[in-house]
Amino acid sequence: MKVINNVKLFRPFDKQDQGDIYHVIVENGKFKEINQGLYQGNDGEVIDSREAALAPSFNDSHMHLLRFGLMDKELDLREVTSWKEMKEVVKDHYNQKVMEENEWIVGRGLSDDGFDDIDHLLNAKDIEELNYKKPAFFLHEDGHECVVNEEAMKIIREKDDLSQFPEEFIERDEDGNWSGRFKDTIVHFIKFHFRQKSKEEVKEAVKEGVRDLAENGITSAHTDDLNYVGSFETLWNAYIELEEEGKMDADVHLHHYIFNIEDLKNFISRYNKQTGDGTDRVKMGAIKIFLDGTQRLHTSALRAPYHDRPKTDGVLNYSQEELDEIIALADNHNLQAAMHAIGDRAVETAISAIEKAGSNKLRHRIIHAQVLAPDLLEKLAEVKPYLEIQPGFMMGEYPQTAEWVGEEREKYCNPWNTVYKMGIPFTCSSDCPIGQLSPITEMFAAVNRTDFNGEPKGGWIPEEKLSIDAIYQAYTETPAQLEFQEAEKGKLEEGYQADFVLLSDHPRQVEGYQLKDIRIQETWSCGEKVYSK
């Protein structure tokens, strides 16, 4: 038995928690008692928390844990600001003499649209200046675009049939030849060539990632990892073995990424897993599918053309009939579906497919849903799919949003307070490593709707700011609903799983702009301390 003594509680929407002192008794991985006042007994281990705020730990419902853990193995280009600097960084990192025979040069975080020493976006011919006889792959910071060299394109031509993908995802030069830049689902397809990791490599990377989860107060994660290993069996066994070895200090739900209905059929016939199947800490998650792209590339599917590119309305990867068939098949086999849909046309397609599948007993989810509209909000309130939002994305995207969709549609972009007031369920998540892993950052963005510099003044579309209680609930209680575990985790309640954090400040007792200064002091998972500052 452990006693967490001398704490202030933060439970979203519980107005009784207004600074009073409590003690919490933890036993067998669960909250046994939560009592007001200091502990007066002498049983068990008593821990003085010095009036820290004790709150539910976080559940990140949309991230890429394996990819995050692998980041140390790949070149980080996020701070690179010129083509000259990039060439120097690549050559410093990769020594061709010591590279393995089939190894690729891999970099992530590329933002070449900001390079000031080249008048165009990088292409395969530019990458050849590196003078490597190895295939090279550089991923844009948003994860939706890559540039490769000639060696990589030889492999892609020999092994991949890109005719199944929209032509818009392949950039061509003025002569009609591949330029070396690819977008959206083709990017994920290409990754299979160099991200086929062994089980031991997966285990090592996941261990690194889980440590970072704990440092950020996260004890549960829903993760899409398949692109970074290729085999669901390898992925599953790696996580299970880590749990058996006592090295899995978080609950994880493993998603399975699919390209088409044949992928789904193959998964069903081979693995016979349903959402929620698994062990105490490792469970089957959702089927993951991309319905559209991203606003930056003008590939997210809109119902009306882009404001700054009136000749395009984005790309919808599946017809309504194709998606209906996929979601119905998943639903019939008790597999939750998680659909990437940024544009309003993609969101509309996702809602329709969920509605046709039935009562949404599986709590299917729509990821991002950044561009909405009044009729879509009404439909979301009726059908009630779960939305997975990443408020932190707003911090970098708000200046471009009106350019992409126009001022009229802008007010329906990321309208999370409206979503909350209409009773549409939503979770908060990071999409790490595309976004920052920090839940504090995500909550700051949701409450303030500014960046850390306070821009724009007063907040972007300020009427859509969320309360700290609403966004904290979206990071704790609501993800537990997606797991069908809302009666046993995600809350500070007796009998619930003892997943909690000790915070430097009580979230309800600081001003909104001060949220960014809150620090994770300790993280506890299933009644055991897994991180201490």
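Colleague: Which residue in strand 12 does V147 stand opposite?

Modeller: In this predicted model, local features need pLDDT of at least 70, side-chain atom pairs count only at pLDDT 80 or more, and totals for chains, interfaces and linings use all residues. Residues are numbered from 1 along each chain as its sequence is written, and side-chain values use heavy atoms, with hydrogens and water left out. Strands are DSSP runs of E with at least two residues, helices are runs of H or I with at least four, and both are numbered from the N terminus. The residue in strand 12 that stands opposite V147 is R181.

Colleague: Over how many bridges do strand 10 and strand 12 pair?

Modeller: Two strands pair if DSSP finds at least two bridges between them. Strand 10 covers residues 145-148 and strand 12 covers residues 178-183. They run in the antiparallel sense, and the number of bridges is three.

Colleague: Which are the edge strands of the open sheet?

Modeller: The open sheet has six strands with mixed pairing, in the order 7-8-9-10-12-11. An edge strand here pairs on one side only. That describes strand 7 (75-76) and strand 11 (170-172).

Colleague: Is N28 buried or exposed?

Modeller: N28 is in the loop between strand 2 (21-27) and strand 3 (30-36), and its phi is positive, near 55 degrees. Buried means under 20% relative accessible area, exposed means over 50%, and partly exposed is in between (1.4 Å probe, protein chains only). With a relative accessible area of 75%, N28 is exposed.

Colleague: What is the relative accessibility of E51?

Modeller: E51 lies in the loop between strand 4 (45-48) and strand 5 (53-56). Its phi is positive, about 65 degrees, although E51 is not a glycine. E51 counts as partly exposed, at 44%.

Colleague: What share of the 533 residues in the protein is buried?

Modeller: The protein has 17 helices and 22 strands. Its C-alpha atoms fill a box of roughly 80 × 55 × 50 Å, taken along the principal axes. Buried residues make up 60%.
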